[in-house]
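Look at the structure below and follow the chain from one part to the next. The paragraphs after it go through its division into parts and then through one contact between two of them.

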Amino acid sequence: MPQHSAIHLKDYTPYPFTVSAVHLTVELDPTQTKVTARSSFRRNPAAENQQAALELDGEHLELVSVALDGRRLAAEEYIFADGTLRIEAVPEQFELEIATRIAPASNTALEGLYLSSGNYCTQCEAEGFRRITCWPDRPDVMAVFTVTVIGPQASCPVLLSNGNLIEQGQFDDGRHFATWHDPFPKPSYLFALVAGQLVRIEDSFTTMSGREVSLHIYVEERNRDKCAHAMQSLKKAMRWDEEVFGREYDLDTYMIVAVDDFNMGAMENKGLNVFNSKYVLAQPETATDSDYEGIEAVIAHEYFHNWTGNRITCRDWFQLSLKEGLTVFRDQEFSADMGSRAVQRIQDANYIRNIQFREDSGPTAHPVRPASYVEINNFYTATVYNKGAEVIRMLHTLLGAAGFRKGMDLYFQRHDGQAVTCEDFVQAMQDANGFDLSQFQLWYNQAGTPSLRVSQEYDVADQDYVLTVSQSCPATPGQVEKQPFFMPVRIGLLDSSGKDIRDEVLLLDQETKEFRFTGIAAKPVLSFNRSFAAPVKVESDLQDEELAFLMAHDRDPFNRWDAGQQLGLRCLLQGIADWQQGRAAMLPELFQQAFARLLADEESDPAFPALALVLPAEGWISQQLAVIDPEAVFIVRQGFRSQLRQRHQAELLARYQQLSSAAPYCYSGDEAGRRSLRNCCLAYLSAAAPGEVVAADLLDLAVNQYRQADNMTDAAAALAVVVNADRAAGDALLAEFYAKWQHDPLVVDKRLILQATCSLPGTLQRVRELLLHPAFSMKNPNKVRSLIGAFGGNLRQFHAPDGSGYAFLADCVAELDPMNPQAAARLLTPLTQWKRYDADRQQLMRRTLEQIAALPGLSRDVSEVMAKSLQ
Ligand code: TRP
Ligand code: ZN
């Protein structure tokens with residue numbers, strides 16, 4: 001395996017030069033795009049070495065010429081090797097002109113300038129700009145960009161870049177040009193260029209100070225009528241950021257472009273966001289409620305970056321969470337305000353526990369601010385994004401909404417226009433509030449999931465209630481000893497009627513701390529870590545009956561949901577132990593009754609029971625096991641679902657029918673909640689233990705729902721039920737589905753996901769066939785995620801005892817890595833967890849990893865994950 005060297009946070013030094021402005025000229029051509037960059041350099045007075053050579057980053061490009069102050073340099077006057085262009089001696093101040101040639105048509109990595117559906121687009125974060133021209137490609141070098149895009153009028157009627165259009169015109173040879181100017185100095189990762197045949201959807205927004213901003217969404221003609229929801233979401237986000245954070249948009253135009261080939265969700269390029277079309281396009285017939293939610297959240301996320309990311313950016317990539325954690329927090333709060341705060345919190349906490357906690361417990365665990373990396377693309381993780389957001393949320397809890405806002409205001413006031421660190425952010429929060437956050441900073445530097453142990457003592461005579469909380473944090477790679485974190489823990493104490501007698505935020509700042517409550521008339525029921533205020537695991541000493549009590553009464557919706565999850569988890573773990581010892585796994589009566597109560601609850605927003613009725617996820621169950629036993633987890637969980645169906649079939653059916661609606665589809669929080677509870681009932685009605693046959697009339701319910709649905713939410717939910725219940729019926733319906741939707745790539749992705757996640761035997765065979773199907777392409781990350789990525793999350797079939805799932809993944813990684821290393825490295829995630837499985841699977845997984853590691857020419861991305869996993 002090639003050895004790639006790591007970059008360390010402690011080695012940071014300022015760049016020896018500043019660049020005030022750059023003029024880029026890009027002459028588009030699929031195989032011969034010519035890029036000229038003219039820039040003004042000057043020595044950086046803040047740099048340590050005032051004699052330093054000029055070094056620029058440049059990769060995957062052909063260097064055509066270099067000119068300094070108008071004089072073309074001879075070949076021996078510079079060195080261009082190993083990704084660096086080096087000019088030994090340069091004056092105090094100079095103009096540099098660099099010409100490069102690139103081939104967007106053969107760019108399958110989707111970094112830099114590439115083609116998607118025949119249109120040009122760019123992706124420069126984190127280090128893609130160096131694939132366009134030679135440049136100090138680091139976020140603390142900020143310049144004013146002027147960009148002239150030149151392309152054929154016929155195939156590229158639209159020519160876009162950041163900022164404002166200042167000039168356009170025609171050439172005699174059929175080409176035309178557009179010149180864009182972005183007045184805000186920016187790092188190269190925020191540069192963007194788009195060109196091609198696109199239509200423009202227009203709207204406008206009046207900012208709080210009365211400025212009119214044009215809003216433009218660019219899509220391919222066939223998608224023209226799928227942009228309304230994205231546009232609405234954008235306007236809501238713009239208003240919300242004004243109302244909640246006092247942040248106004250700063251350019252005259254805001255542009256969004258949707259492309260089909262994109263490595264991630266979307267990109268916040270200044271004034272010109274580029275989006276994965278999955279997060280723009282929606283129509284009731286093609287997008288589900290959760291697609292609508294995702295669009296609203298991602299549109300908002302990228303918009304919010306304009307202040308948290310663009311106006312104030314990162315000093316270096318170790319500070320990625322400075323913009324990502326903060327912006328995820330902002331988009332979560334926005335979504336909570338647009339829909340149900342309770343549902344949002346449950347979903348976000350669930351994601352942390354299922355995805356981020358797993359990352360924390362494996363070989364790629366890292367702090368919110370990593371200390372080193374080999375490939376920065378490997379650090380766009382749940383830890384940096386979602387745990388980073390939890391860390392910001394703790395500040396919000398500690399300081400209160402008003403205190404948090406004061407801190408944000410100070411942060412913007414101090415650092416607007418700068419490239420800063422996570423400390424700078426926390427310092428602003430501290431200074432604005434006079435609140436000591438020095439211990440809090442540990443959240444940025446220590447990896448791992450803290451675990452809290454809670455014990456209670458109640459003294460009837462003194463009416464004293466004492467809560468003792470201890471924290472610990474397991475060792476993570478490179479970090480054995482951990483210091484205690486500083487965290488807010490919100491708790492409630494309930495009396496026997498379920499009323500709150502206390503609701504407080506406790507501050508835990510030591511390894512063990514006692515909290516005494518006086519005047520407590522009777523032993524209360526403890527609701528611990530309300531709203532998941534601290535992103536931790538909790539070992540509580542609650543009785544099953546107390547959990548059932550909290551499920552029914554807790555005022556905090558997160559804990560009401562979590563009590564059910566905890567109770568469900570206990571039942572599942574017992575069931576798994578029973579099954580492993582050859583006994584029947586039976587769902588206890590206490591849980592059956594709690595389930596019945598939730599099903600009968602007609603007062604709550606239906607979105608709540610829709611979440612609470614779902615048994616703990618396979619991933620969350622697996623995390624609790626010393627050795628993951630995929631069969632046991634799957635079989636027992638499915639068995640319990642079947643037992644719930646048998647016991648509550650009549651009620652499930654009644655609720656299902658009661659929740660149906662004759663009204664045409666409309667996306668709203670209420671309607672989405674209704675549909676999700678109804679589809680949850682539908683799924684239970686077909687729930688079967690492995691091998692058990694689903695009754696024909698129950699399966700028909702799903703088939704009929706599929707046929708009658710006027711929207712993708714109900715159609716896809718019904719289809720998923722059939723696909724997982726009966727292979728023949730599922731195949732037939734999938735064929736129908738594909739025939740109807742084969743022209744729509746985002747809907748085809750849904751088909752791939754359904755097939756890849758099917759828990760029935762024979763799935764791998766079908767996934768292999770789909771690799772060869774015209775609907776699949778290894779070059780399209782959405783397809784790769786939907787088929788291969790989704791299969792990696794299929795607990796039952798991916799972990800088949802013969803290792804066939806692992807071998808399949810290895811084949812895919814081998815094929816994908818040379819094309820798109822970023823996507824290939826992500827596919828490896830399930831294999832990185834190999835130490836969590838039984839000895840046989842460990843051996844199979846390890847051998848698969850070793851085979852991948854032995855491949856020639858492995859990318860930095862995949863090598864880094866391999867090296868960590870095999871350590
Ligand atoms: N900054 C983007 C976001 O948070 C993330 C992103 C988009 C990205 N495309 C990428 C990161 C490519 C790395 C590589 O919305
Ligand atoms: Zn982001």
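Which residues does UniProt list for "domain: Peptidase M1 membrane alanine aminopeptidase"? The unreviewed entry gives residues 230-440. In this model, which is predicted, that stretch is 55% helix and 9% strand. Its end C-alpha atoms are 37 Å apart.

Two further annotations come from UniProt. The unreviewed entry places "domain: Peptidase M1 alanyl aminopeptidase Ig-like fold" at residues 448-540. Over residues 448-540 the chain is 51% strand and 0% helix, and 20 Å lies between the end C-alpha atoms. For residues 544-871 the unreviewed entry has "domain: Peptidase M1 alanyl aminopeptidase C-terminal". Here the span is 71% helix and 0% strand, with end C-alpha atoms 41 Å apart.

The chain can also be divided by a domain assignment. In that division, domain 1 takes 21-40 and 53-282, domain 2 takes 313-445, and domain 3 takes 451-544. Domain 4 then covers 545-692, and domain 5 covers 744-871.

Now turn to domain 3 and domain 4. Their centres, taken over C-alpha atoms, are separated by 27 Å. To the contact, domain 3 gives 22 residues and domain 4 gives 17 residues.

How is the size of such an interface expressed? It is often given as the accessible area that is lost when the parts come together. Between domain 3 and domain 4 the buried area is about 1,500 Å², and carbon and sulfur atoms give 49% of that area. Of the area that domain 3 buries against domain 4, 36% is supplied by V525, L542 and D544, which is more than any other three residues supply.

The rule finds 15 residue pairs in polar contact between domain 3 and domain 4, counting pairs with both residues at pLDDT 80 or more. On the side of domain 3 that touches domain 4, at least two residues come from each of β28 (500-508) and β30 (525-527). The largest share of that side, 3 residues, is from β30. By residue class, the side of domain 3 that touches domain 4 has 6 nonpolar, 8 polar and 8 charged residues.

How many salt bridges does the rule find across the interface of domain 3 and domain 4? There are 5.

Terms used
Residues are numbered from 1 along each chain as its sequence is written. Chains are lettered from A and ligands numbered from 1 in the order in which they are written. This is a predicted model: local features need pLDDT of at least 70, side-chain atom pairs count only at pLDDT 80 or more; totals for chains, interfaces and linings use all residues. Side-chain values use heavy atoms; hydrogens and water are left out. Domain bounds come from an automatic or database domain assignment. Contact means heavy atoms within 4.5 Å. Buried area is the accessible area (1.4 Å probe) that two parts lose on being put together, summed over both. A salt bridge is a side-chain nitrogen of Lys or Arg within 4 Å of a carboxyl oxygen of Asp or Glu. A polar contact is a pair of N or O atoms within 3.5 Å; within protein, one must be able to donate a hydrogen and the other to accept it, and residues adjacent in sequence count only if both atoms are side-chain atoms. Helices (H or I, at least four residues) and strands (E, at least two) are DSSP runs, numbered from the N terminus. Ala, Val, Leu, Ile, Met, Phe, Trp, Tyr, Cys and Pro count as nonpolar, Asp, Glu, Lys and Arg as charged, and the others, Gly among them, as polar. UniProt positions are given in the numbering used here, feature names are shortened, and annotations may be inferred rather than shown by experiment.
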